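Dear colleague,

Please find the structure below, handed over for your work. My findings on the ligand site follow it.

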Amino acid sequence: MGYIIALAGKGGTGKTTIAALIVRALKEKKLGSILAIDADPNSNLGDVLGVKQADNIGAIIDNISAAPEQLPAGMTKERFIQHQVQAAIQEEEGFDLLSMGKPEGPGCYCYVNNVLRGLMIKLINDYDYIIVDNEAGLEHLSRRTCRCADILVVVSDATSVGLKSAKKIIELTKALKFEFKKSRLLVNRFNENIQKERIKETGLEYLGSLPVDSGVEQLSLLGKSVFDLKSDAPILKSLNLLGEQIWKRN
Ligand SMILES: Nc1ncnc2c1ncn2[C@@H]1O[C@H](COP(=O)(O)OP(=O)(O)O)[C@@H](O)[C@H]1O
Ligand SMILES: [Mg+2]
């Protein structure tokens with residue numbers, strides 16, 4: 001059964017970076033097979049993981065919606081979608097990547113979304129670990145992926161405004177009845193002047209923090225992947241210290 005680690009948080013807080021760093025950590029620890037899911041249509045998890053991307057699910061939906069009757073001979077629509085999704089999974093060394101993208105065309109995607117949801121559930125069981133990098137507004141998540149995770153990591157910066165939005169996100173997940181076995185707050189770019197009472201006010205259990213890391217800044221400036229980060233980078237050390245709380249199965 002796949003162990004699902006979902007990341008959420010306001011844009012720019014570091015979700016994608018942290019998702020990619022978790023993939024790197026799990027890969028290095030050889031804890032099992034890994035599927036990274038880029039569920040943010042405006043995101044770049046693939047870039048941060050150093051993957052040259054091809055297809056995404058949004059494009060597949062567009063193609064099928066544009067020509068719904070053009071199925072290969074002898075293939076049902078459901079089987080065809082399944083085949084396309086399988087082909088869209090990028091197989092990398094030590095992990096696979098699936099990008100959700102977003103359909104651009106008009107039309108109703110209910111049927112395809114239903115098939116996809118079923119497929120995702122099956123797919124999730126094919127891997128030991130699934131890391132889902134979500135877009136800031138979690139509402140969209142529900143349509144094509146499952147609404148569940150073993151752990152939801154809400155990423156925030158150390159600012160008061162940032163922590164307030166972490167609180168809003170967790171309230172939203174409750175209102176939408178997402179099923180997270182546990183949810184935790186992770187403060188990225190920690191600053192020691194952080195207001196401790198704001199952490200409490202989020203209502204989230206505090207997981208810990210990650211420091212500002214100039215190596216991470218360099219990676220994005222140079223367009224490099226997390227695998228180019230030196231293994232003694234402060235952010236990796238901190239993440240490994242928190243790691244058990246994130247990826248240890250109970
Ligand atoms: N701890 C950190 N130290 C330095 N730079 C960081 C850190 N975390 C994130 N960044 C940088 O901040 C920017 C936004 O991070 P990103 O992971 O894309 O955020 P999100 O996915 O939440 O929008 C990126 O350029 C990233 O390299
Ligand atoms: Mg992102």
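By class, the shell around ligand 1 is made up of 8 polar, 5 charged and 4 nonpolar residues. Please note that this is a predicted model.

The shell counts 17 residues, and those that come nearest to ligand 1 are Gly12, Thr16, Thr17, Arg189 and Asp213. Ligand 1 itself sits in the largest pocket. Two elements each give two or more residues to its shell, namely helix 1 (15-29) and helix 9 (214-222).

**Polar contacts and burial**

- The side chain of Arg189 places an N or O atom 2.4 Å from an oxygen atom of ligand 1.
- A nitrogen atom of ligand 1 has a backbone N or O atom of Asp213 at 2.8 Å.
- A polar backbone atom of Thr13 lies 3.2 Å from an oxygen atom of ligand 1.

As for burial, ligand 1 taken alone exposes 560 Å², of which the protein buries 82%.

**The ends of helix 9**

Yours sincerely

Note on methods:
Residues are numbered from 1 along each chain as its sequence is written. Chains are lettered from A and ligands numbered from 1 in the order in which they are written. This is a predicted model: local features need pLDDT of at least 70, side-chain atom pairs count only at pLDDT 80 or more; totals for chains, interfaces and linings use all residues. Side-chain values use heavy atoms; hydrogens and water are left out. A residue is near a molecule or strand if one of its heavy atoms lies within 4 Å of it. A polar contact is a pair of N or O atoms within 3.5 Å; within protein, one must be able to donate a hydrogen and the other to accept it, and residues adjacent in sequence count only if both atoms are side-chain atoms. Accessible areas come from the Shrake-Rupley method with a 1.4 Å probe; for residues, only the protein chains shown count as cover. On a 1 Å grid over the protein atoms alone, a cavity is a set of points where a 1.4 Å probe fits but cannot get out, and a pocket is an open set with protein on both sides within 12 Å along at least five of seven lines; lining residues have an atom within 4 Å of a point. A molecule sits in a cavity or pocket if more than half of its atoms lie within 2 Å of its grid points. Helices (H or I, at least four residues) and strands (E, at least two) are DSSP runs, numbered from the N terminus. Ala, Val, Leu, Ile, Met, Phe, Trp, Tyr, Cys and Pro count as nonpolar, Asp, Glu, Lys and Arg as charged, and the others, Gly among them, as polar.
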